Amino acid sequence: MSVIVVEGGHSLEGTIRVHGAKNAVLPILAATVLSGGKSDVENCPALRDVAATVRILEHLGCSVRREGATISVDSSAMQRSDIPECLMREMRSSVIFLGAILARFGTASVAMPGGCELGPRPIDLHLSAFAQMGVNIREAHGIIHCECPKLHGAAIHLAFPSVGATENVMLAASLAEGTTVITNAAKEPEIEDLQIYLNRMGARVQGAGSDTIRIDGVSRLYGAPHRVIPDRIVAATYMACSAVTGGTVELTDVCPKHLEAIMAVAREYGAELIVEENRIIHRAPQRLRAVKMIRTMPYPGFPTDAQAPMMAALCYADGTGIFTETIFENRFKHVTELTRMGADITVEGRIAVVRGVPQLGGANMCAMELRGGAALVVAALGAQGVSRIGRVHFIERGYENLTEALSGLGAKIRKETEDEQREKKTHIVCP
Ligand code: UD1
């Protein structure tokens with residue numbers, strides 16, 4: 001497998017376009033199956049998770065075509081209502097197809113998503129919401145079978161504002177009989193984007209972005225065009241890259257409104273930000289100031305997905321800061337790798353204390369999951385010497401052409417193929 005090789009210490013300067021949001025594209029592509037028509041979805045990044053979603057659509061019988069950043073899905077010939085284990089395992093968020101397939105066919109079977117790298121990620125909220133909408137759910141041999149000849153609306157209160165459960169209910173409820181009201185719904189911008197697309201298809205959804213979403217079911221939906229919102233986590237990661245290298249980076253195609261919590265942290269660590277309608281200029285200070293407290297929270301709080309990249313940047317800060325991870329149990333796997341570079345971090349349960357050091361040194365590291373992997377790249381960009389990062393496939397789940405994009409800003413970063421590693425005897429052993 002390829003590794004990413006980074007020679008740190010080069011200041012980043014220039015402009016970078018932020019690609020479409022992974023977490024918006026996935027539910028929108030799942031929603032295309034509701035229509036039985038053709039949808040053109042623009043601004044789809046070329047990511048492993050998007051490719052996995054396309055494979056599921058093709059398995060279901062949809063015809064899918066990609067031209068540049070536009071994915072066209074025609075779901076008129078869709079005949080299958082199952083997703084086998086091999087496809088479910090590629091990407092846990094494929095559970096989002098459950099609501100869409102159920103709404104279209106009244107029946108769906110998907111393999112249990114299983115455990116994952118961020119700790120247990122149950123789907124109880126999804127299933128209990130479906131049960132309230134009249135779905136019979138049976139689990140056997142790792143497969144969840146859902147049957148419902150007629151989905152009906154329901155008043156659904158989510159015990160936690162789960163992003164995936166909110167989206168799954170929105171998909172199912174769009175074609176259900178009657179009205180569904182979700183309370184304590186997730187408020188993430190990706191939920192609003194899904195609402196916009198569903199309404200373009202003829203659905204009647206309102207309230208996304210607030211904690212109450214109302215869906216009046218309709219009898220059919222139609223294919224529709226849509227342009228996906230920019231990826232706020234990718235934007236946050238590039239800000240962190242700029243922060244550790246002391247450069248000035250302009251991010252274009254961003255939605256600053258979605259980045260308030262990130263920008264608040266950036267200002268606290270001393271960045272100068274120029275914010276316009278869809279662009280942000282991030283000018284890093286000479287040395288970052290410590291950010292006393294970062295607590296991950298559902299939107300509009302600080303996103304859990306930006307925790308690792310921001311921690312990597314703050315390893316270089318002057319002073320001590322505390323990160324509290326409230327969303328996922330096991331989201332500090334990057335810490336062990338960062339300490340290989342000389343970072344001074346102590347973890348106790350869901351709390352990480354980061355004591356900033358003036359300099360980190362290059363090291364061999366392994367990405368353990370998507371955002372934690374990106375964090376290693378951030379730290380390596382600021383470090384003295386060369387770092388090598390293995391298990392790059394995790395990073396490619398959520399970042400399009402990361403090495404090319406950063407090279408364009410002046411970073412010394414490249415991918416090394418397996419053959420090159422063999423030749424130079426530079427293999428990294430990852431667990
Ligand atoms: C989505 C994002 C992911 C992000 C996360 C939180 C996508 C494709 N992924 O994941 O990048 O990190 O939101 O912002 O959009 N939970 C339950 N029961 C459930 C569902 C969730 O207990 O039925 C718990 C989870 O274990 C977790 C928390 O709720 O602790 C948040 O999960 P959720 O908001 O559902 O995240 P995802 O939709 O999986």
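Reader: Let us take buried as under 20% relative accessible area, exposed as over 50% and partly exposed as in between, with a 1.4 Å probe and protein chains only. Which class does C430 fall into?

Author: C430 is partly exposed, at a relative accessible area of 24%. Please note that this is a predicted model, in which local features need pLDDT of at least 70 and side-chain atom pairs count only at pLDDT 80 or more, while totals for chains, interfaces and linings use all residues. Residues are numbered from 1 along each chain as its sequence is written, and side-chain values use heavy atoms, with hydrogens and water left out.

Reader: How many disulfides does a search of the whole structure find?

Author: The search finds one disulfide, a term for a pair of cysteine sulfur atoms within 2.5 Å. C366 is joined to C430, with 2.1 Å from S to S. The torsion about this S-S bond is about -95 degrees, so the disulfide is left-handed.

Reader: Where do the two cysteines sit in the chain?

Author: They lie in distant parts, 64 residues apart: C366 in strand β22 (residues 364-366), and C430 in the segment after α15 (418-424). Helices (H or I, at least four residues) and strands (E, at least two) are DSSP runs, numbered from the N terminus. C366 counts as buried, at 4% relative accessibility.

Reader: Turning to sheets, which strands pair with β17?

Author: Strand β15 (residues 248-252) pairs with β17 (residues 279-283) in the antiparallel sense over five bridges; pairing requires at least two DSSP bridges between two strands. L251 has I280 as its bridge partner in β17. Strand β16 (residues 272-276) also runs antiparallel to β17, joined by five bridges, and a hairpin of two residues connects β16 to β17. E272 stands opposite R283.

Reader: Which residues touch the most other members of the largest nonpolar core?

Author: L34, F97, M133 and L198, out of 79 residues. Helix α1 (residues 22-31) gives the largest share, seven residues. A nonpolar core is a set of buried Ala, Val, Leu, Ile, Met, Phe, Trp, Tyr and Cys residues joined through side-chain atoms within 4.5 Å. Another core, of 77 residues, lies apart from the largest one and includes L314 and I413.
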